[in-house]
Amino acid sequence: MERDQVELYADGACRGNPGPGGWGALLRCRGHEKELYGSAAMTTNNRMEMMAVIAGLKALERSCQIAVYTDSRYVCDGMNRWLAGWKQRGWRTSQGGAVKNIDLWQSLDAEQSRHEVSWHWVKGHAGHVDNERVDGLANKAIDEMLARP
């Protein structure tokens, strides 16, 4: 069976680092789109960048061929360059230290294992329409969280 081809655009935002944060994701497949977003009261930008991708991957019910687009070098480098070594070393960095955000890296690794994923970095805040859209969702998530009593 041929896998659906999905585009996943993901972004995270944080007001202060750490501080209140939000993430946004856009899934596009066969002419359909789905927006997702969420927030956390006290977090970091890197965690929100990762949460956006994790949420997008979790939203897919069956195995797909996915192109992930993010302005996070942390996420792209982690998935394209560092992940295999971390796993080989028992989730330790090349210097022997603990991998930061290990809970999210392990979740991201598990989610991506269900799919065929390619990782693409896009320059943030440079007019890329879909990256700007998910940045808006991440900031909407923060605004809505901060507006709650």
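Modeller: Gly 24 counts as buried because its relative accessibility is 0%. Buried means under 20% relative accessible area, exposed over 50%, and partly exposed in between, with a 1.4 Å probe and protein chains only. This is a predicted model: local features need pLDDT of at least 70, side-chain atom pairs count only at pLDDT 80 or more, and totals for chains, interfaces and linings use all residues. Residues are numbered from 1 along each chain as its sequence is written, and side-chain values use heavy atoms, with hydrogens and water left out.

Gly 24 sits in strand β2. Helices (H or I, at least four residues) and strands (E, at least two) are DSSP runs, numbered from the N terminus.

Now the contacts, meaning heavy atoms within 4.5 Å. Leaving out residues up to four places away in sequence, Gly 24 touches Tyr 9, Ala 10, Asp 11, Leu 36, Tyr 37, Ala 52, Val 134, Leu 137 and Ala 138. Asp 11 is also the bridge partner of Gly 24.

That bridge belongs to a strand pairing. Two strands pair if DSSP finds at least two bridges between them. Strand β1 (residues 4-14) runs antiparallel to β2, with 8 bridges. The two make a hairpin with 4 residues between them, and Gly 16 in the turn has a positive phi of about 95°.

Strand β3 (residues 32-43) also pairs with β2 in the antiparallel sense, over 10 bridges. Here Leu 27 is bridged to Lys 34. This hairpin has 2 residues between its strands, and Arg 30 in the turn has a positive phi of about 50°.

Next, the core. A nonpolar core is a set of buried Ala, Val, Leu, Ile, Met, Phe, Trp, Tyr and Cys residues joined through side-chain atoms within 4.5 Å. The largest one has 31 residues, and Leu 8, Val 53, Ile 66, Trp 105, Leu 108 and Trp 119 have the most contacts inside it. β2 supplies at least two of its residues, as do β1, α1 (45-58), β4 (64-70), α2 (73-88) and α3 (102-112). The largest share, 7 residues, comes from α1.

Leu 8 ties several of these parts together. Among its contacts beyond four places in sequence are Ala 25, Leu 26, Leu 27, Val 53 and Ile 66. Gly 24 and Ile 66 are 42 residues apart in sequence and 17 Å apart in space, C-alpha to C-alpha.
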